[in-house]
Amino acid sequence: MNVTLPLLGTSLVELRHALHREPELSGQEAATAACISGWMKEAGGEVVTGLGGHGLAAIFRGVLPGPRVMLRCELDALPIDEEPRGDWSSCRPHVGHLCGHDGHMSWLLGVAQRLAETPVARGEVVLLFQPAEETGEGARAVVRTSAFQAIRPDYLYSCHNLPGRPLGEVSVRDEAFTCASRGMIVRLSGLCAHAAHPENGRSPAMAMCRIMQGLSRLPLQFADETGLAMVTLIHARLGEVAFGTSPGDAEVMATLRTESNDMMKALAEAAVSLARSEAEEDRLGIEVDWCDVFEATWNSPQANDVIREVTAQLGHDCVELLHAHRWSEDVGVLGRDCHAAMFTLGAGEEMPGLHHPQYDFPDTLITLGVDLFEGLIRQHLGRR
């Protein structure tokens, strides 16, 4: 990443635009991480690298003992072509920061700037820059590294910008905040035959159709359970484009989504059972694989109370969400053993949605995000 800007003395808008120009995909964030590492050292942080790949953390210590507060953001971008914007358009074809992770990083860069000026009185601040959030692999990889065990937090906070909501609106929810989700891939194998004599083969066509119908109806079995359960069919393929051939293989893909990890386990088991039953009926081979596996993000009421208090101190209102967000986040893995909470900041009602080619993180959100994160830190650790 060709960034020569210093952290101290440079506006966060400039830093955000520099990050936006040179995005990197999940698992490939080496240049971004190197740039962040340099900025964290400039701010006086003790840098820990190699967290789940290219992840890194910067530690800022107070003089007195106290709790460890971790703030987390994401390093990775998306494999999507963006529409041009200003002089900070992506320099990399088919790669763009279209989820706002460049803005999320700028929040923590702003916190580092302030910690360099005014250290905390006690405890520790850990600024975590996590890799591979978009694939759901990053947080699990971070937790598996021994270096993370040494910086496990007492409190963990993260935030995501939210297009479609008023600019700067803070929203929280106790317990389930974002849904668990996972991609299901069902592969059926039968036997090809001539299209004139399909009886000589074993076509997976009917089983594929029954599996698709069954998966679509599966959430109805959970209608009396607590919380959301969804199955969204995303792709299907039957045989090859060959009019003289009766197909011998098929593939069905679906996304499962629930508000809790327990319900996801039950929904996934039911989906596998359904697919295997339909395959067996037509004497077909079957393989089931999973990808993009995300746990539900579960918010601690104690951590949420701190968010509410800091938001009020800044003169803003906290909106209490009635339902968990349907989209998924992997930060819940990081917060299993501590008081953790994710909140959202509205990115504007007219802003195109996340992952849209026209989406761009609003620079006007940067200062408010830094104020909120710094307020959370000071609430726990004070200032020297």
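Glu 278 has its place in helix H7, residues 261–281. Helices here (H or I, at least four residues) and strands (E, at least two) are DSSP runs, numbered from the N terminus. This is a predicted model, in which local features need pLDDT of at least 70 and side-chain atom pairs count only at pLDDT 80 or more, while totals for chains, interfaces and linings use all residues. Residues are numbered from 1 along each chain as its sequence is written, and side-chain values use heavy atoms, with hydrogens and water left out.

Let's stay with Glu 278 for a moment. Its relative accessible area is 17%, so Glu 278 is buried. Buried means under 20% relative accessible area, exposed means over 50%, and partly exposed lies in between (1.4 Å probe, protein chains only). Leaving out residues up to four places away in sequence, Glu 278 touches Ala 207, Arg 210 and Ile 211; contact means heavy atoms within 4.5 Å.

Next comes strand E8, residues 180–189. Seven of the 10 residues of E8 are buried, so this strand is largely enclosed by the rest of the structure. Two strands pair if DSSP finds at least two bridges between them.

| Partner of E8 | Sense | Bridges |
|---|---|---|
| Strand E12 (residues 249–258) | antiparallel | 10 bridges |
| Strand E13 (residues 285–294) | antiparallel | 8 bridges |

Just after H10, Gly 382 takes a positive phi of about 70 degrees.

Ala 132, with a phi of about 50 degrees, is one of them. Ala 132 sits in the loop between strand E4 (122–130) and helix H4 (138–144), and at 9% relative accessibility it counts as buried. Arg 283 has a positive phi of about 55 degrees, although it is not a glycine. Its place is the loop between H7 and E13, and at 60% relative accessibility Arg 283 counts as exposed.
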